[in-house]
Amino acid sequence: MTADAPPQPSGPARLPPPELAPPLPTELQVEITSACNLRCAMCLVSYRPPVNKVTGAMAPEMFAALVDSLPELRRLTLQGLGEPLLSPYLLDMVRRVKARGIVVGFNSNATLLSRRMAAELVAAGLDWLHVSLDGASAPTFEGIRAGADFDRVVANLAGLVAAKRAAGSATPWVRAVFVAMRRNVAELPDLVRLLARIGVDELRVQNLSHTFSDTDPAGRYAGIRRFTAREALWTGAGGDADAVRRAFQAARAAADEHGLLLRLPRLAPTPVRRDSGPGCTWPWDAAYVTSAGVVQPCCMVMGDDRIALGRLDEQSFPEIWYGEPYREFRRRLAADQPPDVCRGCALYHRTF
């Protein structure tokens, strides 16, 4: 997944269906491109070689076959580690799934969200668009999202709101996403006030998604592992819990004053007990597919070498969903000890 907030599967919050081969999912997240024009500090993209926007795009044929194999699909997220606006097929994909009545949206860094593109997305029927904005000032924001221009992103976000109003459309729902870290959390109240002035519908604050503690400390994930250890709020390190709580309280007060919807994350992990079900129900409710067609249990994994439950160039999605690797993953996630890749996950610990 991106370090940005994905919509969470809307399935049961506690105990999942007991079967190891549940019905095909009604929700899906697809990385339509692995290419990105930024090098964000908290994203795996910054720690790997650049990806060409043509070769990094999911082929339309693979996308069509995937979507067509899920007749009950109701919600689709078009994002992964890359920037969706770099996909040359984005608008066609939106139109294709909207013709089936599927709810569709994606996260964007908004650097390429021109007024023309905003108007085309509104016209195509996009249901939601989430824009990453991790600070209320240029130095903080640009220090996190290397290659971005704060003023341009704010202007593009305002342009999206204006395009929606000009069309007289209730959609897309416009949400800003703030990845809370030690370096930026103090700016959260000011960001609330900025977004209220623009007319954004909602602000979602999330924690860093993964500690990568299951990886080799000296391996290819060493860089992002060190960054997370320094910046994550939910791991308990740093000794700044009181300052974070004050920032959250001030943001809540500002949101209430200005009428902005605000979602704040938990700051402490919730123990996962066997009688409460697994810490996550993704493998029963939804799935994540990379631009190369690698099927993974969720979007929080980051890195298609970390776990693969199947490949779309070798099997259909239903064959993968009902295959033994998926069954075994569900079996382990429902047990006392989850798969290694889940142990450092903020969603598993319910702090995302």
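1. In which hand, right or left, does H1 pass H2 in its crossing? In this model, which is a predicted one, the crossing of H1 past H2 is right-handed. The axes of helix H1 (residues 60-68) and helix H2 (residues 90-98) come within 12 Å of each other and cross at roughly 20°. Because angles under 35 degrees count as roughly parallel, H1 is described as roughly parallel to H2.

2. As for the residues that make this contact, H1 contributes Phe 63, Ala 64, Val 67 and Asp 68, while H2 contributes Met 93, Arg 96 and Val 97. Sorted by class, the contact of H1 with H2 has five nonpolar residues and two charged ones, with no polar residue taking part.

3. Turning to the sheet, the model has an open sheet of ten strands with mixed pairing, and the strands follow the order E9-E8-E7-E5-E4-E3-E1-E10-E11-E12. The edges are formed by E9 and by strand E12 (310-311), each of which pairs on one side only.

4. Within that order, E5 and E4 stand next to each other, and strand E4 (residues 103-108) runs parallel to strand E5 (residues 128-132), the two being joined by four bridges. For anyone wishing to locate this pairing in the viewer, Ser 108 has Val 131 in E5 as its bridge partner.

5. Leu 264 is placed in the loop that connects strand E9 (261-263) with helix H9 (282-285). Once its neighbours within four places in sequence are left aside, Leu 264 is in contact with Leu 188, Val 205, Phe 248 and Arg 252. The C-alpha atom of Leu 264 is separated by 22 Å from that of Pro 278, a residue 14 places away along the chain.

6. Is Thr 215 buried or exposed? Thr 215 has a relative accessibility of 11% and therefore counts as buried, although the residue is located in a loop, namely the one between strand E8 (202-206) and helix H7 (222-231). Not counting residues up to four places away in sequence, Thr 215 touches Tyr 221, Arg 225 and Arg 306.

Technical notes
Residues are numbered from 1 along each chain as its sequence is written. This is a predicted model: local features need pLDDT of at least 70, side-chain atom pairs count only at pLDDT 80 or more; totals for chains, interfaces and linings use all residues. Side-chain values use heavy atoms; hydrogens and water are left out. Contact means heavy atoms within 4.5 Å. Axes are lines fitted to C-alpha atoms, for helices over the stretch in contact, and angles run from 0 to 180 degrees between N-to-C directions. Angles under 35 degrees count as roughly parallel, over 145 as roughly antiparallel, 65 to 115 as roughly perpendicular and the rest as oblique. A crossing is left-handed if the near helix is turned anticlockwise from the far one by less than a right angle, and right-handed if clockwise. Ala, Val, Leu, Ile, Met, Phe, Trp, Tyr, Cys and Pro count as nonpolar, Asp, Glu, Lys and Arg as charged, and the others, Gly among them, as polar. Two strands pair if DSSP finds at least two bridges between them. Buried means under 20% relative accessible area, exposed over 50%, partly exposed in between (1.4 Å probe, protein chains only).
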